[in-house]
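The questions below go through one protein model, from a single residue out to the sheet and its packing.

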Amino acid sequence: MTKPMQAEQQQELTGPFAVVVLNWNGGEQIQQCVRAAMASEDLDPFFVIVDNGSTDGSDNIVASIIRRGVVLKQERNLGVAAGFNVGRSEEHTSELQSQF
């Protein structure tokens with residue numbers, strides 16, 4: 001298990017970056033997650049939201065909140081590993097690279 005970094009070990013996050021988030025009927029939790037990541041005035045992450053077959057409308061809610069990013073709607077719940085693989089593959093597409 002990885003230990004959290006101590007304050008003196010933490011480095012300032014600089015440059016463009018993507019945040020990959022997996023969602024399945026996340027409702028309020030996905031909204032809180034995205035808003036927390038966007039809260040810093042210094043950071044403007046590109047979101048790759050993988051919606052794992054949600055039926056609660058959370059995919060549309062999160063799409064209306066993010067400033068930059070994509071929501072990848074899956075037809076069914078692929079599970080955690082496969083869902084993150086979808087997001088990780090999107091992270092390296094030319095479309096995403098052009099955002100930086």
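Q: Is Q74 buried or exposed in this model?
A: The model is predicted. Q74 has a relative accessible area of 17%. Buried means under 20%, so Q74 counts as buried.

Q: Where is Q74 found, and which residues does Q74 touch beyond four places in sequence?
A: Q74 is found in the loop between β3 and α3, the latter spanning 80–91. Leaving out residues up to four places away in sequence, the residues that Q74 touches are V50, D51, N52, G53 and V86.

Q: How many of the residues of β2 are buried, and which way do they point?
A: Side chains in a regular strand alternate between the two faces of the sheet. In β2, F46, V48 and V50 point one way, while F47, I49 and D51 point the other way. Both sets are buried. β2 is therefore largely enclosed by the rest of the structure, with a count of buried residues of 6 of the 6.

Q: In what order do the strands lie in the sheet, and which are the edge strands?
A: The sheet is open and made of 3 strands in the order β1-β2-β3, with parallel pairing. An edge strand here pairs on one side only. The edge strands are β1 (18–23) and β3 (69–73).

Q: What is the average twist from one strand to the next?
A: The value concerns the open sheet of 3 strands. From one strand to the next, the twist averages 15°.

Q: How many bridges join β1 to β2, and how many pair β2 with β3?
A: β1 and β2 run parallel, and the partner of N23 in β2 is D51. β2 and β3 also pair in the parallel sense, and there the partner of I49 is V71. The count is 6 bridges for β1 to β2 and 5 bridges for β2 and β3.

Q: What angle does the direction of α1 make with β2, and that of α2 with β3?
A: α1 packs on the sheet, where α1 touches β1 and β2. α2 packs on the sheet too, touching β1, β2 and β3. The direction of α1 makes an angle with that of β2 of about 170°, and for α2 with β3 the angle is about 170°.

Q: Which hand do the β-α-β units have?
A: From the N terminus on, the elements run β-α-β-α-β-α-α. One unit is made of β1, α1 and β2, and another of β2, α2 and β3. The unit with α1 is right-handed, and the unit with α2 is also right-handed.

Q: Which element gives the most residues to the largest nonpolar core?
A: The largest nonpolar core has 9 residues: V21, I30, V34, M38, F47, I49, V62, I65 and I66. Elements that give two or more residues to this core are α1 (27–38), β2 (46–51) and α2 (58–65). With 3 residues, the element that gives the most is α1.

Q: What is the C-alpha distance between D56 and G26?
A: D56 is found in the loop between β2 and α2. Beyond four places in sequence, D56 touches N25, G26 and G27. D56 and G26 are 30 residues apart in sequence, and from C-alpha to C-alpha they are apart by 7.9 Å.

Q: Which residue makes a side-chain polar contact with D56?
A: D56 has a relative accessible area of 37%, which means that D56 is partly exposed. At 2.7 Å, the side chain of D56 makes a polar contact with that of S58.

Q: How much of the protein counts as buried?
A: The secondary structure comes to 4 helices and 3 strands. Among contacts between residues at least 6 apart in sequence, 63% join residues at least 24 apart. Of the 100 residues of the protein, the share that counts as buried is 33%.

Definitions and conventions. Residues numbered from 1 in each chain as written. Predicted model: local features only at pLDDT ≥ 70, side-chain atom pairs only at ≥ 80, totals over all residues. Heavy atoms only, no water. Core = buried A, V, L, I, M, F, W, Y, C linked by side-chain atoms within 4.5 Å. Buried < 20%, exposed > 50% of the residue type's maximum accessible area, 1.4 Å probe, protein only. Contact = heavy atoms within 4.5 Å. Polar contact = N/O pair within 3.5 Å; in protein donor to acceptor, adjacent residues only side chain to side chain. Pairing = 2+ DSSP bridges. Axes fitted to C-alpha atoms, helices over the stretch in contact; angles between N-to-C directions. Right-handed = clockwise from strand over helix to strand, strands pointing away.
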